[in-house]
Structures are given as C-alpha cells and as structure tokens.
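Here's a quick briefing to read alongside the model. Have a look at the structure first, then work through the points below.

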Amino acid sequence: MSKPLVVAVLAVCAIASIAAADEKPDRGTFKTRPGSTTQYQVPKAQAEGEAAQSGRPHMAPNYAAVQQPQLMRYRSESDYPDYNRGFNGSGLAVAENGIARRSDWAIGIQTGTIRGGGCFPSNVNDDSSPCLTEAVAGGGTRTIYKERERWIFRISYIDPSVSNAAERNIGFPGIFAGLEGDDMLDYVRTTERGHSCFGFYIYYCDTYGIDLDYITGSVRAFKPDCTMKTAAGYKAQIFYQFSRYKSTDTIPPGATEWEPATIPATTTRLEQPGRVIWTRNFQLGVGENALSISGAGIVNPSVESNTAYNTVAPTIAAGTSTVTVSSFDCVAIPNVAFTITRELLDKAGHDHVAANDPPLDEVNSLASYSGTTDSTGRWTTTLTAGRIAGSNSYKATAPNLLGQPFTTSAYVATTGFTGMIDPGVGTLDTDIRYTGNTEGSGLNHPGNHYGSPELHQFVREMATMYQIEADPADRGSLGLNDMSIILGGLFDIDGNWSPSHFRHRFGTDCDIDRRVLGPSGLVFLDQDTLQNIVEMNLDGIFLHEGGNRMHVQVPEYMVGDILLREAR
Amino acid sequence: MNRTLKIHCLAIAVALIAGGAVAQQFPPLTISGTSLTCAVSYDSARQVYRYAYTINAPSTNLAPVVGFHLDLAGKSARTQLDPTLQNNIVRRDNKQPATTIPVGIIVPDPGIWRAGITPGGQFYIYSRKGLMDVPAGAAQGGIVIESHQPPGLRTVRFHPSTRAWNTIIDALPLGTELENPPNGRDYIATTTAIGPADLTDADFYSGGGQQPAEVNKFLRYTAPLDNRVKLPAGTTSYTVVVLYGTTIVPSTFQATLSGVDITSQFHPAPGGADAVTIPINGTTKLHLSVDGTKSSGGKGTDSDTLTFLP
C-alpha cells in the first residue's frame, strides 16, 4: 500500500470515530486525526450548519484552486495556527531556495482557500480546455463533472551531495511513529445523501444537509530533527488529481481512474500523484541558536557612595553574571571564533532633555568581547553592572560557523533594581503629596517616585504620625519629593550621567519638602517632630538638607530584606 | 527638585572659614558614656516585673540625649497589647513582629513623653520637641516598663540630639545637596541594659553546686553566666541579675559581698527577680543563699558564690 493510501485510510478511521461521538466540530476548525498537525479551516456558514452556497457547477477545470500556498517555518509551538481559536499562525514564509532552521518547532505547508468542484476538462493536461461533454441517448449532450478530487501535500529530500540519491519523504507525521508521508485532502461531488463535500467533513455534510465546496485554510507540518542534514535538497510540493468516477463506480476497461495519471515510483524517486501545482525548494539550516549568547537578564547597579546603612550595606557592590557563548547544533561545534558587539537598548527612566546616551560601560560591560569556543562548544566571560540603570544588547558574530557567517540572537542585560514601585498618591492618601518633577514628560527623569514597598509604607506611616504629633498649626500633607527613578541606579538630576542625589539609588530614600499643605495653605513643617517620628517611632534615618528640606530613609533592618530581593 | 549644588563638607568648611565663620562644622555628638540603669521589682500578685529606668548622661557627653531604643525581640508569638500590663500613654503601635515581648509603658508625663514600640520590635521613648532631652551631667528617671517576662541583658541605643547641626545646614542655600550629610546615627551610643527577656532554661546560669538539680534553680542568673567572671580592666561595678525560684522561702535569703552583709539590697520573692549593682573592688566575691521547697516536699538550700576578677 502506498503512503498516500495509508494516510487516506487513517483519515477515514478518524472520521468514523468523530462520527460516533455525534458532535459537530468547533466552528471553523477541523483536525483530521489525533496526533496530526493537519488542520482545516471551514467557512463559518458550513460550520454553523447553514445552507451554504454551492460551488457547483464550475464550468472550468479549476486547477488553480489552492490559494496562497506557502512553505512556513514555525519557530515555536505558539506560532503554529490554531484555527479553532481564530489564529492563523505566525509562521515565517520561506522563499524559493530559502532557509528553514533545524531548531524550528515545525516546517509545513499552509494554504488559503481550496475550492472543490468543476467540470471535467476535455484535455486533462490543459487548464484552459473546455468542459468535456458526451452525447446522451436520445440526442443532445451532457457535461461531465469531476466526481472526485484530491490534493496531495508532500515534503521530500534528495541529498545533493550523493549522486543518484533516493528521494525521501520526510513529512508529515502519521499517528504511528515512522510513518511520515504525504498529507491528502479529498473532495467528492456527490455524497451518499447527495451533498458536495470534502472528505474529512462528509459525516457533517450528510447529517446536517450542507454542502462544503471550499475551505478557507489548511496547514500541515513536520518537526525537523537532528537526523536531517543541514543542506539544500529539500522540496515542498502540492499535487492535484481528479476523477470523473465516483468511488462506487466500476472503472471501464482501459480507462484511467485518476487524472493526470500517477507516475509510479522509481528506485530513486517517489511516485508523482498527478500534476504538480506548486513547488518550493528550500534548505535546512543550522538551528537559530547554533551560536548563542546568554547570561543573567538583570544585575543590580553599584552604589559607590555612602548609603548611610553602615552596618548592612554602606555601599552596594555591582551585580555580576557569567555570560556564556555556546556553539551547539544537535552536537557541540568546537573552536568557533566570534566577536561580541554591544549597543544600548533602553535608558531605564533617563529621558534626558539633552538626548544623550550613557557611557555603555556605566550600564554594564563584559570582561572580554571576543573568543573561541572550546571543545565542548562553550566560552564564558563575566558581565559586570555599572552604576547607571539601563539595558545593553549583546550579539556574538562568528565569521565561520560550519561554513557560514552566523550572528546570535541578542542577549539583553538590564542593570537595575527591578522591584521598585510607584503606587501613586491615592485619594485616601490625604497626608502626602507628590512634589518635584511630576509632569511626566519633558523632564530628565519623568518617573522619580519609584521606591521599595517598604519606603512607600514608611513615608505613609511617617505622615500619619506627623498629623497626630504635630501642633495643629503645623499639620498638613507632607510633600514627598524625589525618591528613585524607575530602575534606580544613578539619579543624575542634571542629566549629565554624573552623580547627584547620592542616596536616591535603590528605593530607600525620599526627600521631604520643607512646607506642608495645611487648611490655610503652605506652612513650615515641624522638623523636630518629624525627626523624632522618623528616628524614634519608626527607627528610620532622618537627614537635614540645605534650605530646611529633609531626607528620610527606611530603617536599616529593612535594608537587608530589600537587598535580598534586589541584589543580583 | 531644582538644580542641585554638589557641595562637600570640606568645601562648606572652607567657604565659611573664608567668610569669617569660626564655628566648627558639624561638631561631634558623642554620647558614648550614656547608660541606662534599671531597678527591677516583682509584683507577685500580678506576676508582673516592673523595670524602672533612669537615663544617665555623663558630663563628658557632647550632646543631649533625645531618648533610647531598647530591644524587645522575643522567641514566642504573643498578643502585643496585654490588658494585664499598665500604660499611661495611648498605644498606637501595632506593626511590630508578633514575637516582640509585650510590655506596658509608663512615662513621667504623658503630655511630654512619647513612647511605644517600633515596627521593628524596639521600645522607644523621647520627649516631644526635645523638651526633656537629657543634657550632659544630668539624669532622667521615671520611665517604667511592665512585663511578664523576667530580666535579662538587652541592647539599648541612645540617640543624640542633632540640633547643633541644624542651624548650620539650614543656612545652606535651597537646593544644596551634601554627598555625605552628617548623620546622627553615626553618634548613636549602643550598650546593654536590663530589660524583659524571653528566656529558656538554657539562657540561665544556675550557680552550680547543689544536688538535686532542682535545688540549683532556687537561684538562677542571667548575669553573670559563670561563677567566675573576668571583667575588663577599670570596671568598678557589675549588675547581677538573679531570678528566684517559685518555691523559695524569702526570709531565709542571705547575701554577702566579700563578707559584708548586703541582704537588704535584694528583694526575694517566689518567681521574682532582682538586678543589683555591686561595687567591684579587687577580687570580689558575692555569696547568695536561700532555702526552698523541693518537689518531694522536703527542704533544700541553694548556695552560690560568684567571683568577679577585675
């Protein structure tokens, strides 16, 4: 039994089991069998059991009935179509002689509309020949129609490095391992109950009395593996055949059941079931991560100035990470020389009015920017954070990876304290106000009220206690000025990448305005009372700053927890 | 925030000196000699220990003492506001860890003094607006903590007043930012004091010597933790913390210090405790003894000699 026939039988079995369940498939979707990657997209009207417009009669052979066939590579499972969810996939089309990757989750043939029905051509090899007619008894003629049609989808491989290499069918998976073969879609003009329908849908056509003359999409695919050569010689094809006979008809002696006739297989070539209506030659390339660069996504910036937390962390060391370059595609690829390039990807809250970029080393840097992988396909170096928050992108480029230049996907290393939040000032936060730069745009640092959750709770408790302890004339909402920027790190007020705001680095510090907003307007804050609340009631840190302004910090015992979360 | 001037302390000093200022910049606020003495008494009826504190600011202090933090970290979770313990202030603390030792707080004048428990589980006390800051050479008593927990050695932190700095800093132009502004925490004086402690048998020293072991528990100590104590050179006093067993006979208690009867300095009561400061003068021997009832009903005597070596 040839492989196409195997597939056909399996499809019939699957349909029988679905029929036993007596459930109509989900709107717009049909999968042919368990374990198959094949999906068909059924027009909405048919799927909802409505009487659809029949495709009959097409007074033309309809050879070009497969719209938008494409060879697609699906990099991950989530890229694969799921018609049941209305998702047509997000695969990448492979051009003629283009490259699909061995790391792809699947490679397949995806189509648009496929339409069945039409008359039988008078010349089976001529698309434009008129419909075949035959004389009928008693005079006159009748038009002959295609009673059955079938589309065969195939992906095969011929090793170009071997003379007279045999063509090997590599797609598509059957329900049994090792039965990779063609995928077939068939259509009948008249079912037992008189409906035109695609084979996978006959039960529903007959049960619900509908015709299904076209489908709006289809897909089938195979998963490349490490046994497949990375070379040219791969080919995707769609074959087409039609028959003037029903499956129950007796084929007259000398007649051909299917046209164009199947060309039998040879010792080096697979059989050709009819006419090739679409072909795409392609190469299988090494995996997308045959050369890769990886490391920690986040490292904490250094804080080199005095934090005032003399016991826990008077300064904070820069975060580091091991960065690995790996050359591996099914097996290790040893001794691959490469260089690493770096570019700034994000300035993490620095929106300097003078639109300059930070020194990249001040964001993060590598100990080395070139190397050669070892016998196991590995090479490592160290990434070290700077003092400025932001993201750098790193790519490794090998001039010769198995004969071809190759550049990795980007590894993005972000420097920052990533757990800080800005909850804003809620309507119930009547004891505090945000002050300073709060416009949100046109500023060097639009977000400047980011802090640890501990800091936000601390300043709220501080403000609440102040309303209790202060003399009535001194009461009012406290103005909370700068905390930290979005990912912390250097807070350069002047936008020049030089230190200022020395302690506003990791979400533990907040400036307090010298005046509170009371019922009668702004009045000077009672600093003694606030200092006692911060230092004694809350065990925090209180600093006087010039011009009667103040600076508060969370208690030292909280900093250990904060750094446990933030240091990496 | 407006444009900030980055000014280092040294630069400020230079500028002010050049302008004729003679005051020393950010004078030190050393208060390292400050101590917290504690008189412990025991209310047998309520089973409550009373810790009466006095802040002692030596004349060598360079700044007034604002107040102090006393560690109350415990081991077991307890209801924090214990209705059996007295307060004369409004207690607003409710964020401390559940394992903080519950206390009652009595201050000299609730209109002036502020006290409570920090979210970190420390007792704090200070006077409003610095009205009762303790100047060098002065003392401030009348601070009482009540607890069901017996005495042990706790960490205490004294805070200096930073008022001496404020005038200097406030004179700086608006927007001035100091890279390393003076921080009062740098002058916090940390020492130990007697306070409520969450103790287990392993935390006590029994004094040794007697059999059966239950007799040894008629007198137990959290200070010292050995019968021979080597003291730092120059030590002139030592506070002994003794806890009395629940079956002792108080009238049988006797105490001598290097042969001199000092029984009257102790207040033995079943389940009670004392923290008594004794003078150290050369090798000093403290001898304590008390009778008690054993679980068998018989009598026993616990007799301990503690030797202090300067």
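Let's start where the two chains meet: eight salt bridges are counted between chain A and chain B, a salt bridge being a side-chain nitrogen of Lys or Arg within 4 Å of a carboxyl oxygen of Asp or Glu. Bear in mind that this is a predicted model, in which local features need pLDDT of at least 70 and side-chain atom pairs count only at pLDDT 80 or more, while totals for chains, interfaces and linings use all residues. On bookkeeping, residues are numbered from 1 along each chain as its sequence is written, chains are lettered from A and ligands numbered from 1 in the order in which they are written, and side-chain values use heavy atoms, with hydrogens and water left out.

**The interface between A and B**

- One of the salt bridges pairs Arg185(B) with Glu556(A), and their closest N and O atoms are 3.4 Å apart.
- There are also 14 residue pairs in polar contact between chain A and chain B, both residues at pLDDT 80 or more. A polar contact here is a pair of N or O atoms within 3.5 Å; within protein, one must be able to donate a hydrogen and the other to accept it, and residues adjacent in sequence count only if both atoms are side-chain atoms.
- Helices (H or I, at least four residues) and strands (E, at least two) are DSSP runs, numbered from the N terminus.
- Helix 6 of chain A gives the largest share of that side, with eight residues.
- Sorted by class, the side of chain A that touches chain B holds 12 nonpolar, 17 polar and 16 charged residues. For this tally, Ala, Val, Leu, Ile, Met, Phe, Trp, Tyr, Cys and Pro are nonpolar, Asp, Glu, Lys and Arg are charged, and the others, Gly among them, are polar.
- In total, 45 residues of chain A are in contact with 44 residues of chain B, contact meaning heavy atoms within 4.5 Å.
- About 3,800 Å² is buried between chain A and chain B, with carbon and sulfur atoms giving 45% of it. Buried area is the accessible area (1.4 Å probe) that two parts lose on being put together, summed over both.
- Within chain A, the residues losing the most area to chain B are Phe502(A), Met536(A) and His544(A), together 18% of what that side buries.

**The five-stranded sheet of chain B**

- Chain B has an open sheet of five strands in the order 6-7-4-9-11, with antiparallel pairing; strands pair if DSSP finds at least two bridges between them.
- Strand 6 (113-117) and strand 11 (189-196) of chain B are at the edges with a single partner strand each, so one side of each has no neighbour in the sheet.
- From one strand to the next, the twist averages 25°. Axes are lines fitted to C-alpha atoms, for helices over the stretch in contact, and angles run from 0 to 180 degrees between N-to-C directions.
- Strand 4 (residues 65-71) and strand 7 (residues 122-127) of chain B pair antiparallel over five bridges, and His69(B) sits opposite Tyr124(B) in strand 7 of chain B.
- Helix 6 of chain A turns up again here: it lies across strand 4, strand 7 and strand 9 (151-160) of chain B, at about 155° to strand 7 of chain B.

**The four-stranded sheet of chain B**

- Another open sheet in chain B has four strands, ordered 2-3-8-5 with antiparallel pairing.
- Its edges are strand 2 (35-43) and strand 5 (104-106) of chain B; each has a single partner strand, so one side of each is left without a neighbour in the sheet.
- The twist averages 20° from one strand to the next.
- Strand 2 and strand 3 (residues 48-56) of chain B run antiparallel and are joined by nine bridges. Val40(B) has Tyr51(B) in strand 3 of chain B as its bridge partner.

- Most residues other than glycine have a negative phi, and most peptide bonds are trans.
- The bond between Gly171(A) and Phe172(A) is cis, with omega about 10°.
- Glu259(A) and Pro260(A) are also joined by a cis peptide bond, with omega about -20°.
- Asn97(A), not a glycine, has a positive phi near 65°.
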